[in-house]
Amino acid sequence: MKPGTGTFVQPGDELPPLTIPITRTLIVAGAVASRDYQDVHHDVELAREKGSPDIFMNILTTNGLVGRYITDHFGPRAVLRRVAIRLGAPNHPGDTMVLTGTVTEVDGDIAHVRVIGANGLGHHVTGTVTVEVPR
């Protein structure tokens with residue numbers, strides 16, 4: 001459904017962008033919440049020893065943010081049926097990620113949305129989300 005309209009989305013519809021400040025707290029909290037204790041997500045010195053300029057966001061946090069982006073748009077009845085993402089440029093503290101989405105296909109109550117999350121380095125995440133929105 002398009003929020004507030006009572007009509008379902010159409011292929012080519014664009015979701016409004018979502019801007020997410022990438023903070024150190026977001027990165028660490030996301031890693032801890034997803035039980036990802038790899039040092040590159042919370043220890044600056046160890047991340048640097050491994051070649052990164054700083055800590056960086058894990059894929060589980062990114063996956064959660066992509067899911068939030070879709071369900072925030074489609075509403076509380078939206079059910080994520082499939083989230084297929086690929087990481088690219090890392091999200092480091094102090095950057096901003098902007099999520100954008102385009103509906104690529106609609107079949108009944110199911111919509112397929114192409115999602116891109118870009119930061120100052122390029123595309124952090126690209127993928128497709130399949131969402132069901134019962135009418």
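Visitor: What makes strand 1 and strand 3 (residues 96-107) partners?
Guide: Six bridges join them, and the two strands run antiparallel. Strands pair if DSSP finds at least two bridges between them, so six bridges qualify these two as a pair. I20 stands opposite M97 in strand 3, and L18 stands opposite L99 of that strand. Please keep in mind that this is a predicted model: local features need pLDDT of at least 70, side-chain atom pairs count only at pLDDT 80 or more, and totals for chains, interfaces and linings use all residues.

Visitor: Why are strand 1 (14-21) and strand 2 said to stand at the edges?
Guide: The five strands form an open, antiparallel sheet in the order 1-3-4-5-2. Strand 1 and strand 2 each have a single partner strand, so one side of each has no neighbour in the sheet. From one strand to the next, the twist averages 20°.

Visitor: Which strands does helix 3 (residues 59-74) lie across?
Guide: Helix 3 lies across strand 1, strand 2, strand 3, strand 4 (110-119) and strand 5 (122-132). The helix runs at about 135° to strand 2; angles like this go from 0 to 180 degrees between N-to-C directions, with axes as lines fitted to C-alpha atoms, for helices over the stretch in contact. Helices (H or I, at least four residues) and strands (E, at least two) are DSSP runs numbered from the N terminus.

Visitor: Why is the meeting of K50 and D39 called a salt bridge?
Guide: A salt bridge is a side-chain nitrogen of Lys or Arg within 4 Å of a carboxyl oxygen of Asp or Glu. The N to O distance between K50 and D39 is 2.9 Å, so the pair qualifies. K50 is in the loop between helix 2 (44-49) and helix 3, and D39, 11 residues apart from it, is in the loop between helix 1 (24-33) and helix 2.

Visitor: What makes K50 exposed?
Guide: Relative accessible area decides: buried is under 20%, exposed is over 50%, and partly exposed is in between (1.4 Å probe, protein chains only). K50 has 57% and therefore counts as exposed. D39, at 18%, therefore counts as buried.

Visitor: How many salt bridges does a search of the whole structure find?
Guide: Six. Among them, R48 pairs with E45, with the closest N and O atoms 3.5 Å apart. Both residues lie in helix 2, three residues apart, about one turn of the helix. R48 is partly exposed, because its relative accessible area is 43%.

Visitor: Which residues form the nonpolar patch on the surface?
Guide: I59, L60 and L87 do, with about 240 Å² of accessible area together; the areas come from the Shrake-Rupley method with a 1.4 Å probe, and for residues only the protein chains shown count as cover. Patch members have over 30% relative accessible area and no salt bridge, with nonpolar side chains (Val, Leu, Ile, Met, Phe, Trp, Tyr) joined within 5 Å and like charges within 9 Å. L87 is found in strand 2 (residues 79-87), and at 34% it counts as partly exposed.

Definitions and conventions:
Residues numbered from 1 in each chain as written. Heavy atoms only, no water. Contact = heavy atoms within 4.5 Å.
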